[in-house]
Amino acid sequence: MRYLLMLALLVIFSTSCFAGFDATVVGIVTGSPGALKNVTVKVIPDPLWGRARVEDFEAFKKEYGQLPVIEVSGSGTSDANGNFKFKVTVSERDGALPKRKVNEGGKTREITFIYAIVVCEHEQYKPEKRGILLDERSEQKVGLVSMQLATTATGKIVKLSDRKPVAGMKIKVNPGYIRPGTLAEDIVVETDKDGKFFVSKDVCPSGRITLSSLDEQWAFAQSSTAWSGLDLRTGANDLGSLIVVPGGLIKLSAVDMDTGRSLPAQVNVAGAERGSQVRMAAQLTGDSFTVPGLPQGIYTVTVTMNGYWGVRQENVEVEGENGIDLGAIKLEPHRSLGVIAVSDDNKGIERYTVTVTLQEGTLPADLSGWGGRNRSYAISQQLTAERYEIGRLFTGKWSVQVIADGYAASLVTTDLPRQEPLTVTLTQGGTIEYQLFDLEGRPMRADWAFAIHRDSPEYKRALEAKQNYRADQPYPAGVYGPNWQQNDIPRIESLPAGEYLFVARSWQFGFLSKDNVTVEKGKTTNLSLKPELGSLTITVTEKGKSKANETVVVLSGQLHWQPTVAEHKTDANGQVVLKDLQPGEFMAITKREYEWAKGNGQGFELRQRLEPYQVERQRNITFGVQETITINLDDPGHCWLTVELPMEADMRADWATLVEKAENRMTRAKTYSARHENGLFNFGRVMHGVYTFSVQARLSDGNEVSLVRQLTIDISPEQTVKLDWDLSKLTIKVKLPKGVDRNRVFLALRQPHEDGQVYADILRFGRLDEKDQCVMLAVPEGSYDLVATVTDLNGLPQYINCQRIQVKGNGTENVKFDEKVGILNVSVHGSPALGSSRAIEPRARVILFDAKGNEVTPGDPLNAFGVVGREWKVYAVPAGTYRAVILAHGLQAFEVKEVKVKKGETTSIKANPTAAAMLQVTLKNFTMRDLQTSQPGWELEDEAGNKIPWSSPDGQACFVTSSHGNDMQLVVINIPPEAKKARMIAKGYEDFVVEIDGSAGKTNLADISLVPKEE
């Protein structure tokens, strides 16, 4: 009896303690170059049971219940061919092995199994692991295991202050890549008494690693390669000496915003200061978390977690050895909004589209870049009666738009978070079907079409915009776009009942519209639209009253070549009304203006003289457009100008122009051309202002004479100016270098601009006679650049000389070529800030200063200009040492010191300036016509209100990028760092001052509404 009891206990004990199975493991191991022998192979349990992520392991446990503690024994060694085969014994305790179903011979049975890890070890190689499934059936094949030669790393930690070693410092080795969700153990090493550390082959990763300090007392310097990454190659790696500085720490925790429970979030710490290499990432554990080993500086801390919105804290300052406690970081869970759409006719709605848009609230760190300048956030989803929830939302006020086929869209607002679903009632909508026809009644296609409800804020804007109205998706409230359908009449559906303005556009016929279109609930409204011809109303006034029976000349067609000319008389209201006009350009002028403009013909002369009338008297008529032109016969701001300049018997005038003088302008200077008759130069309807009058004539002997005078035009309606020719002689004598042919000598007389631009007007050209001299007649008094150039047989400059001369009556200038010159090869690169849509070639200019600070002019000043991104040569620079200042469009001023130019040699300088700040402006209620008449410009001021110059190669740099409707976008570039204010100056308007930041690459944005000055 006692024997039987002991036998039963033995059976029970054996079953409970030694239950398991035996398996055989087979595989091949290789190294470099081939099969690897004497590799020790063993099997250990897999803590994640074959799962790649912790989340998957948790799901596995839910499926199989409580898993036992596994014990695995058995090992082997590879032979000369790398083969290994050994027996493994599997047992368990504190639970039963899981079972799975297998099919054997057409029968299904359950067998026990485990997941294990096969570990291959060799003294010269890095340990290699492979996952394997073991069960109680036949042998299990591992397959081919490839082992890599071992990697080790050594280094030394020293202080920045005295370069002495740091003993006992704990360092964490961060591999470049870890499989997400794996239970990777931290690799931590410690320095010895000499500050050295060693990472053994058992734990040392390969590839790129970073190092971080676990010692709260020390931190790697912000510029250390420990932060940016160290590359480990196979074998021994010496990382050298790594610098540490006194360290601090950041302490924080992450909690659920709603429940306050701790969260295992991800924390990222990055240095915010320029040049900082600090980058750290870790998983939060426990109720609080410490990020040690941070050098003194400013940091950005980002906390993220799946299912929650990230939080970013900027400007977190760590000071020396002191730490900072950020406390509990509250993470907001992703919010959801349930939307239930119901109909007002109790039919129910099965499918609908919901668009939610943030109205008020703060974008989470995860979405900080969403929406650009407006930082808007919207999300759309197709919902059904069975699924009516939108996720990934956050706290704030949201607009909710619900759209369903056959129903008018509904727009409501709600606050999140909210517990109950939002119920939205939709009203059955109406439909507009529309067809467009051309003038002959043939159907035509619409590019786009809109129905605009009369209660919509867009209704008034659409009426005022006329041909320029267009709405982009998502449409504003009360604006509805078409539902395009192939091979069918186009329609706009789901419209709320009410009155609408319908507008459509055809590329050939422009805009077609119809107001007061009635839409009824559940019904279809049919529209047929045909283009209307345009009209033009011309009104003539004098002394504030209508001028009847006045002749008006209307030019149409090719206005700048051979226009069609028609005369009309004004009616009793002082008007000429032209109806049913085909599209084209039209200009209205008086009979006197036309007679003056046409001169002796209608070719180039007419085109040139009509230019001053383009802005105020020219209109572009398209289909359906009703334009107006007003002609004021006694306009106090204009006058008819006559310049009396008697001509000698042998003189023939080539040209005469009047060019407006203006500074800081954004528009082209007004230019008037003269009509010449018997020494009288007539200019029609000149705007009051200051002008430069220029005339050039040719004598019978071939010599040219010119006259340049500044005139002030301020008298209406007629003004006469009398001038006389100055036939003085400027003689230029040139001493030629030996062997130079005088026929390869070119002379140019340039008049520099007042603002110092090198791009100057060329007043005269000249060539040498047999006496090596050139005579220029009637050169006006003033300061000029006299440039003499000798070219080689290829036309390239061989000798250049430039000298500043003063002309006052008759005089002689001697030119001698200085051979002590060199060539400056200039190369400028960078990424210029040039605005959005303007495609310009960014120019650059180099200015040279000697040791005394005086500007040195090269042989030909025009060579001082080049193009960014290319090389250009500045010829004939006097030998010497200079300070070079480079100005370029869209780039900050760049200075190069100690530029040494030697005789007969080429010196190269390179510049890579930083992008300059710029100002992008939206001008409200301002058109191109307003721009032409107001001639706006800009001035820059520093913090004290003092004017500062532009860092641009040719003065102020501003241009229009686009003009849409009544708004205009323009960009002002090359704002220097010291600029704090930009002042816009425009005729007839109050000055507008914009606060700006001149930091490198900064884009300042401003909306401007100019206020007219009170008369």
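Contact here means that heavy atoms lie within 4.5 Å of each other, and this is the sense in which the word is used at each stop of the tour. The model is a predicted one.

Begin by selecting valine 303, which, leaving aside its neighbours within four places in sequence, is in contact with Leu252, Ala254, Ala265, Gln266, Val267, Leu284, Gly310, Val311, Ile329 and Leu331. Valine 303 also belongs to the largest nonpolar core, a set of 44 residues in which Leu211, Phe220, Ile250, Leu252 and Val303 have the most contacts. If you now colour strand E17, which spans residues 235-256, you will see the strand that gives the most to this core, with six residues. Apart from this core lies another, of 31 residues, and among them are Val39, Leu67, Leu134 and Met147.

Next, show the open sheet of four strands, whose order is E12-E11-E14-E16 and whose pairing is antiparallel. Which strands stand at the edges? They are E12 (187-190) and E16 (230-232), and because each has a single partner strand, one side of each is left without a neighbour in the sheet. On average, and with direction ignored, neighbouring strands of this sheet are turned by 40 degrees against each other. Zoom in on strand E14, residues 207-213, which runs antiparallel to E16 and is joined to it by three bridges; at this pairing, select arginine 208 and you will find aspartate 231 of E16 standing opposite.

The following stops concern salt bridges, of which a search of the whole structure finds 38. Select glutamate 332 and arginine 335, whose side chains meet in one of them at 3.0 Å, N to O; glutamate 332 is buried, and arginine 335 is buried as well. Move on to arginine 445 and aspartate 447, where the side chains meet in a salt bridge at 3.2 Å, N to O. Is arginine 445 buried or exposed? Its relative accessible area is 62%, and since exposed means over 50%, arginine 445 counts as exposed.

Now display helix H4, residues 458-465, in which arginine 461 and glutamate 458 both lie, three residues apart, or about one turn of the helix. The side chains of arginine 461 and glutamate 458 meet in a salt bridge of 3.0 Å, N to O. Arginine 461 is partly exposed, with a relative accessible area of 39%, whereas glutamate 458 is buried, with a value of 14%.

Continue to valine 577, which you will find in strand E44, residues 575-581. Valine 577 is partly exposed, at a relative accessible area of 42%, and, not counting residues up to four places away in sequence, it touches Leu536 and Thr537.

For the last stop, select glutamine 892, whose place is in strand E69, residues 891-901. Glutamine 892 is buried, because its relative accessible area is 16% and buried means under 20%. What does glutamine 892 touch, not counting residues up to four places away in sequence? Display Ile886, Pro913, Thr914, Ala915, Ala916, Pro977, Gly998, Ser999 and Ala1000 around glutamine 892, and you have the residues that it touches.

Note on methods
Residues are numbered from 1 along each chain as its sequence is written. This is a predicted model: local features need pLDDT of at least 70, side-chain atom pairs count only at pLDDT 80 or more; totals for chains, interfaces and linings use all residues. Side-chain values use heavy atoms; hydrogens and water are left out. A salt bridge is a side-chain nitrogen of Lys or Arg within 4 Å of a carboxyl oxygen of Asp or Glu. Buried means under 20% relative accessible area, exposed over 50%, partly exposed in between (1.4 Å probe, protein chains only). Helices (H or I, at least four residues) and strands (E, at least two) are DSSP runs, numbered from the N terminus. A nonpolar core is a set of buried Ala, Val, Leu, Ile, Met, Phe, Trp, Tyr and Cys residues joined through side-chain atoms within 4.5 Å. Two strands pair if DSSP finds at least two bridges between them. Axes are lines fitted to C-alpha atoms, for helices over the stretch in contact, and angles run from 0 to 180 degrees between N-to-C directions.
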